[in-house]
Amino acid sequence: MRSLVCLAVLAVPVCFSASAEPLVVELDELPPGAAMDAPWRTNTFGWRIDQGAIVARGASGSLFHEDAGYGEVISVSALITPLGEEAADWLVCGVTIGSDHGNAWRLNLVRAPQAEEYRRTTELHMALDGQWLAEGMEGSRCEHLESWVREGWTWEFGETYRMALTLDGREGRVMGIIEDADGDPLARHAFGLGENVVRSGWAGIASGNLPIRVDELVIDVVETAQPPVEARAEPRPYVAISPAAEPAFEATGFFRTERADGRWWVADPEGRPVFLVGTDHCNFNVHWCDDLGYAPYSRNMEEKYGGPGPWAGSATERLRGWNFNLLAANHSPETRGHGLAYTGFVSFGSTFARTAWIAEPIHWTGFPDVFHPDWEPFCRFLARQYTAEFLGDPWLLGYFLDNELEWYGKGGYLVDDVFMLPADAPAKRALVEHLQAKHGGIGAANEALGTDFADFDALAAHREPPAPSPALGEVRDEFLSIIAERYFAGACQALEAADPDHMVIGSRFAGRVPEPVLEAAARHLDIFTINTYPRVDMEGDVVQETPEMLLGLYETMGLPMMITEWSFPALDSGLPCEHGAGMRVDTQEQKAECYRIFAETMARMPFMVGYDYFMWVDEPELGISPNFPEDSNYGLVDVNDEPYEVLTEMATEVNARAQSIHAASDPGWQPAEPAAAAIVEGPSPEDLGVRGESVERFEWDLGALTVAHEPGSFALSSIRADDLPLGTLQPLIHQSTPSGERWQGPTETESVTVWESGDVHLADLVLAFPGAESVGRGYRIGYRLAARSGSPVVAAKVLWVENTDDQPLEVRETFHYLLPEIGGSRRGDEVGGPGVPNYYLPSACWHDPEAGGWIGAASVHSSDFLMNLWIGEEGTEHEPGSYHADIRREAGITLAPGERWEEPQPWIGVYGFGPDEPGGWRAVSQSDAQWKEWLASF
C-alpha cells in the first residue's frame, strides 16, 4: 500500500505523493551483526542488526541507508525506542537526512546533562560542515516556521515513538513530526530553507550515545538528486619544518623514527633529524563552558577574525614565530597547511568503551572490553574511516590511539574491574578461562586465591575481586599484560593495514604506566607518549621525579618517547586555577622559568624526540562542565587571543635551542642529582647541653602557638593558635605488602624524651605499630620535634624506622600526616593557602573560613617532600569527605626483621595561625623564613 507523508506547517498541510514506492527496510531479513558495510553508510561504530531491529549502543553519529537513494525531496520515518542512558553530557537520538553526519538535518529526542537537570526535549536542527545549530547562524539562517509540543508531554525511556522527517529542497522546507504508538501527534518542528543549507541527502537514523531500538524504517525518495562527489585533495608538498638540519637519513616521504649516535630522532619526509615541539588544542572551537552556554574563546575569535580560516592563519603564524613545529592533539583542521606538521587522533579505546567496557566511562575515558568480538572489527572500521583523509600526506606525523585511558581501573587495578563484571561480559569470560588455564581445577584456584567457589561458573558469577594476596597480584599482572596486548594489537594492526605510511604515536598515558603494559606497548608502537605534570625546583634548576620515571620507562621498552602534555598554571592570570593538573606558580615569570627548565630537560634526554606543551589557550574562568570543571591558566594566549608575552618570549628562545640541545645530548644521560646540602642538621640534644627528661606528655607554649603530646598515636595530639584548636600531627609509612599497598600510622607511644634550654624545645618520640595482617607490618619509628619560643612553627623529622615484624618490611615512603580540626572539628575545613592544588612553594595548609585559622606544613627545600592536601570527592575511589595529608618523601627500602633504617631525613615545619594572620602561611613558606634560618644555624 502506498504511504503518504503529510506534515502540518503553520496549520497548512504539505503532502508529497511519489511516483515510486517507498523503501520499507526489511530488518527481520537482515543477518545479525554490526552494520558497517553497504547498504549502510555510517561514521560511527555501535549500530547492530539484532532480532529484526536496528540497535545502537555506544554509537555517536548517523546510519544512512543508501539503497533508497539520494533525494532532493525525501522523507524517513521509524519507530524509535530510547532504551536507557549512557555516560555522556548530552544524549540524543532520532531520524536524519543529509550527505553525512556533519551536513544533515536531524529530528531528535534530547536528554540534557546534569547541569540542566537532565531535562528531556525534542528538536529539529541542522549541521553544516560539522557545526550544529547552523540553521540559526549567519550565512545559513533558516526561517523558523513551527515548534509545537503537546502541553505537559515529555518523552520517556522505554517508550516507542514514531519519528518522521521530510526534506523538500525543491520547495524549501524541512518538517518533522513525533507521534506516540497510537499515531497521536506529540511534537512538530519546521523550518523554511535559507541559503547555503542542506537541501538533499540520504535518509537514516542517528544516535548521540543514547541506546535505541529502531523498527519499521521507511524511506521515501520523491525527487532524486546527484550525491556529492567525495573528492580528496592531493596532499601538499612537504617543506622542511626544521630547515636548519641537513638530511641525515634516507628520505622516505613520511615521518619516522631513527636512532643515530645513541640519540633518537624523528626523521622528516626528506630525512632531516627533527626534535618536535608542539602545543595542544590549537582549536577555533575550544573550550565550551556549561555555565555560559557557549565557548568564550570561539565566540571571541568569531568576532575578531570572522571564522576559523583567518584565525588559523594568525594562530599558525604565531606558533611558527614562537618556534613550534607541530600541531599536537585536538587542533582545528584549518590550521593544517600553514607550515606545521600535525598529528591524528583516533580514540579507539574511549569510543569503544561506550559500547563495551572493562572500566565504564562514567567521569573519564573508561577502558574498552578488548575481548568483545566487535573489538577488532571496530578497530578496522574506525581505522579505515579515520585514515581516509590522511593517506599519502607527508605532513602527518602519525596517529594517537587514545588519551588517558583508565589503565588503573576505578580502584588502582584494572583487572579488579574485570572481576566486577557480570559473568557474560567477554572480558570476564576471558579472565575465568585464564584462571582455568593457570590453575587447572577450581580447587587449586581456590587454594591460591583464598576463595571457596564451587566451580568456575560460580567464580564468573561473583562480582568482587578476591582478597589481596600474592596470587591475586600475579593474576593482576598476567591478565593486564593480556589486556594490553589485545588493546595495542587490535588498534595498531588496524592502523597499519589502513595506512602503512604513518606512525603510531602511542596512547598518551596519564602520568604513570602499569609495568605489565610496557611489553605490549614496545611491540606495537613507534613512539611512546605520556602526559605528565611535574614539579620543578626553580631554586635547583631541576625537574623532580619525572626524569627518573621516563628513564625507567625507556630502559624497559627501548622506544623513543614524547611528552604530550605538560604545563604550569600561573595565578596572576586572573583565572581560578582550582581544577586541572600542573604545579601552580604565582607569576608568568615563574611559569616561563618552569617552561625553560622542563623543556631543556626533555631535550637533553637522548631517548626523547619531542614535547607538546599544554596548551594553546586558557580554559574558561567558570570551568568547562560539572564533570570537567577545569579553569586554569595553561594557555600561550588568553581567551581574548592575547599572548602571554613573558611565556611566549621564553618559548621562542627555548624552542629554538631544543634541536641543538638534543643533538648535543649525552647518550649515557642520567637524571640530575638533587641539590647538594638539601638536608640541614637542625638542633640535637648535644647542641642544647642539658639533660633530657623522660615524660609521658608535654605541652609547649610558644606564644601564639601551643603544641602538646598525649600518649597514643599522635606525635602532636594538639596544635592550637591561642585558644583555637587547629589539628594533629603523626608520622606514617607507606608499606608494600603481599596483600597490597598500605598506609599505616603508629597506634601507641613507647617513649618520650624532652630537652629544654632557653627558648629552644626539643623532643624525641618513639612511636609504634604492632602489626596486623590486613593493615601492615609491625614497625617502630623515631620522630624528633623542635621549636623555638615566639615562633609559629614546630619542626619535625623522621630519625629512623625499625622493622619489628617477623617478615620483611618494604617502606615505599614516609609521611608527615597533618590532619585539621580547626575550631575543634573537621567540619568546614578545606584546603587553604592560595586555594589551588599543587602549589609551587614547598607548603600546604588547611583553613576553616568560618572558624578562621590555618594549619599547614612547609619544607626547607622544595625537593624535600611532595605535598598535596586533599579531600575525597564523589566519583572517585576515595570516600567523599575523607581528609588526606600527602606530605611524603620516598624511602624505597626493605628492612629485614629487626633491621633499623637511619638515613638522614629533612625537617618539615608545621605551622599554625589564628584568624588574624591570613598571610602567615606564605611568610613561613618562603626560602628565607626565620624558622628555616634557625634550623640551618645548628
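Student: How many bridges join strand β37 to strand β38?
Tutor: Four bridges join β37 (residues 705-709) to β38 (residues 716-721), and the two run antiparallel. Strands pair here if DSSP finds at least two bridges between them. Strands (E, at least two residues) and helices (H or I, at least four) are DSSP runs, numbered from the N terminus.

Student: What are the ground rules for this model?
Tutor: This is a predicted model, in which local features need pLDDT of at least 70 and side-chain atom pairs count only at pLDDT 80 or more, while totals for chains, interfaces and linings use all residues. Residues are numbered from 1 along each chain as its sequence is written, and side-chain values use heavy atoms, with hydrogens and water left out.

Student: What is the mean pLDDT of the protein chain?
Tutor: The mean is 92, and 97% of the residues reach 70 or more; pLDDT is the predictor's confidence in each residue, from 0 to 100. Over residues 1-19, however, the pLDDT is below 50. That stretch has 44 contacts in the model beyond near neighbours in sequence, a contact being heavy atoms within 4.5 Å. Where pLDDT is low, the predicted coordinates should not be read in detail.

Student: Back to the hairpin. Which residue in the turn has a positive phi?
Tutor: Gly712, with phi of about 145°; six residues lie between β37 and β38 there. Within the pair, Thr706 has Arg720 in β38 as its bridge partner.

Student: And what does β38 pair with next, and over how many bridges?
Tutor: It pairs with β39 (residues 724-737) in the antiparallel sense, over four bridges. Arg720 stands opposite Pro725 in β39. Two residues separate the strands of this second hairpin, and Asp722 takes a positive phi near 55°.

Student: Where else is there a positive phi in a residue other than glycine?
Tutor: At Glu216, where phi is near 50°. Glu216 is found in strand β18 (residues 212-224).

Student: Which peptide bonds are cis?
Tutor: Among them is the bond from Val286 to His287, with omega near -20°; His287 is found in the loop between β22 and α1 (296-305). Another joins Phe614 and Met615, with omega about 10°, and Met615 is in the loop between β34 and α13. As background, most residues other than glycine have a negative phi, and most peptide bonds are trans.

Student: In what order do the nine strands of the open sheet come?
Tutor: The order is β28-β27-β24-β23-β22-β34-β33-β30-β29, with parallel pairing. The edge strands are β28 (503-504) and β29 (509-510), each of which pairs on one side only. Helix α13 (residues 645-663) packs on this sheet, touching β22 (276-279) and β34 (608-613), and its direction makes about 170° with that of β34. Such angles run from 0 to 180 degrees between N-to-C directions, with axes fitted to C-alpha atoms, for helices over the stretch in contact.

Student: What about the three-stranded open sheet: parallel or antiparallel?
Tutor: Antiparallel, in the order β19-β20-β21. β19 (256-260) and β21 (273-274) each have a single partner strand, so one side of each is left without a neighbour in the sheet. Helix α13 packs on this sheet too, touching β20 and β21, at about 135° to the direction of β20.

Student: How many cavities of 30 Å³ or more are there?
Tutor: Four. A cavity is a set of points, on a 1 Å grid over the protein atoms alone, where a 1.4 Å probe fits but cannot get out; lining residues have an atom within 4 Å of a point. Grid points are joined across faces, edges and corners, and a volume is the space filled by probe spheres set on the points.

Student: Which residues are closest to the centre of the largest cavity?
Tutor: Of its 14 lining residues, these are Val831, Val836, Tyr839, Ser843 and Ala844. The cavity holds about 100 Å³ of space, and β47 (843-847) and β49 (866-871) each supply at least two residues of the lining.

Student: Which residues line the second largest cavity?
Tutor: Phe419, Lys428, Phe453, Leu459, His462, Glu464 and Pro466, around about 40 Å³ of space.

Conventions. On a 1 Å grid over the protein atoms alone, a cavity is a set of points where a 1.4 Å probe fits but cannot get out, and a pocket is an open set with protein on both sides within 12 Å along at least five of seven lines; lining residues have an atom within 4 Å of a point.
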